[in-house]
Amino acid sequence: LRPGNNCCCCTGASAKRERDALVSHSIEMVERGTVNSSNNNNNNAQKMSSLDAVQVSKRGIVRATVSDHEKKLFMRFNYFIIPLFQVANVLLAGILFFRLCGSAADYALAVLALFGGMLVIDAYSYAGHHLIDNYGAENTPLMGKKVILPFRVHHDDPMELTTHGFWEANGNTCLAGIPFSIIALYNLFKYAPTAGDDWAIVFVGFVIGFWGLFSFSNQMHIWSHMYRKDVPVV
């Protein structure tokens with residue numbers, strides 16, 4: 001017997017009541033914590049849904065579907081566009097280095113113009129990326145399914161980009177550069193600048209550096225998302 005208690009029966013009953021009270025309190029706390037956790041999860045889910053709704057409303061996203069027929073048309077278009085751009089770029093490079101450059105100073109100026117174009121395209125790509133991500137929709141005529149849709153799907157699933165082959169990935173960027181390459185070639189044949197013409201060297205060098213690098217920007221983007229073991233040696 002403990003001091004102050006009369007018998008073992010009273011002591012046992014008191015201990016049982018204490019244990020029952022502790023068990024009941026523990027169960028109540030667990031239930032209360034479960035309810036709070038459930039409420040928190042529901043609140044977080046509602047907040048995320050609201051944020052998603054805001055983003056969808058802000059960007060006007062309407063997920064489009066590309067039919068097999070459209071995919072085939074896009075690929076055939078790329079088979080024509082990519083070689084056309086690269087041929088134009090090679091012609092520009094040949095004119096730049098074999099016709100316009102006649103001295104070491106001319107070659108140095110041409111190289112500076114090339115790197116200048118590369119630096120500017122880096123900033124331009126940020127602006128273009130922002131515009132495509134935030135304006136227009138996947139059903140926008142001409143650009144929607146071919147340009148806007150792949151950009152936005154990439155943000156939903158970054159690794160999806162790595163499933164695109166060379167011909168599928170680089171058509172849009174080459175298409176963007178073709179008008180400028182043709183304009184450059186037209187002006188070169190029209191005005192026929194001679195060796196040492198600084199303005200012609202800067203103009204042609206800048207066009208090659210700008211659009212030449214941009215034409216492979218998607219390919220480099222794909223490599224940046226690939227696992228290191230899958231990235232080609234280049």
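**Helices α3 and α7**

Me: Is the crossing of α3 and α7 left-handed or right-handed?
Reply: The crossing of α3 and α7 is right-handed (the near helix is turned clockwise from the far one by less than a right angle). Helices here are DSSP runs of H or I with at least four residues, numbered from the N terminus. This is a predicted model, in which local features need pLDDT of at least 70, side-chain atom pairs count only at pLDDT 80 or more, and totals for chains, interfaces and linings use all residues. Residues are numbered from 1 along each chain, and side-chain values use heavy atoms, without hydrogens or water.

Me: At what angle do they pack, and how far apart are the axes?
Reply: Helix α3, residues 104–134, packs against helix α7, residues 198–214, at about 40°, and their axes are 7 Å apart.

Me: Switching to V111: where does it lie?
Reply: V111 lies in helix α3. Its relative accessible area is 36%, so V111 is partly exposed (between 20% and 50%, with a 1.4 Å probe and protein chains only).

Me: How far is V111 from G209 in sequence and in space?
Reply: V111 and G209 are 98 residues apart in sequence, and their C-alpha atoms are 9.0 Å apart.

Me: And what does L92 touch?
Reply: L92 touches S181, A184, L185, L188, V204, V207 and I208, leaving aside residues up to four places away in sequence.

Conventions
Axes fitted to C-alpha atoms, helices over the stretch in contact; angles between N-to-C directions. Helix = DSSP H or I, 4+ residues; strand = E, 2+ residues; numbered from the N terminus. Contact = heavy atoms within 4.5 Å.
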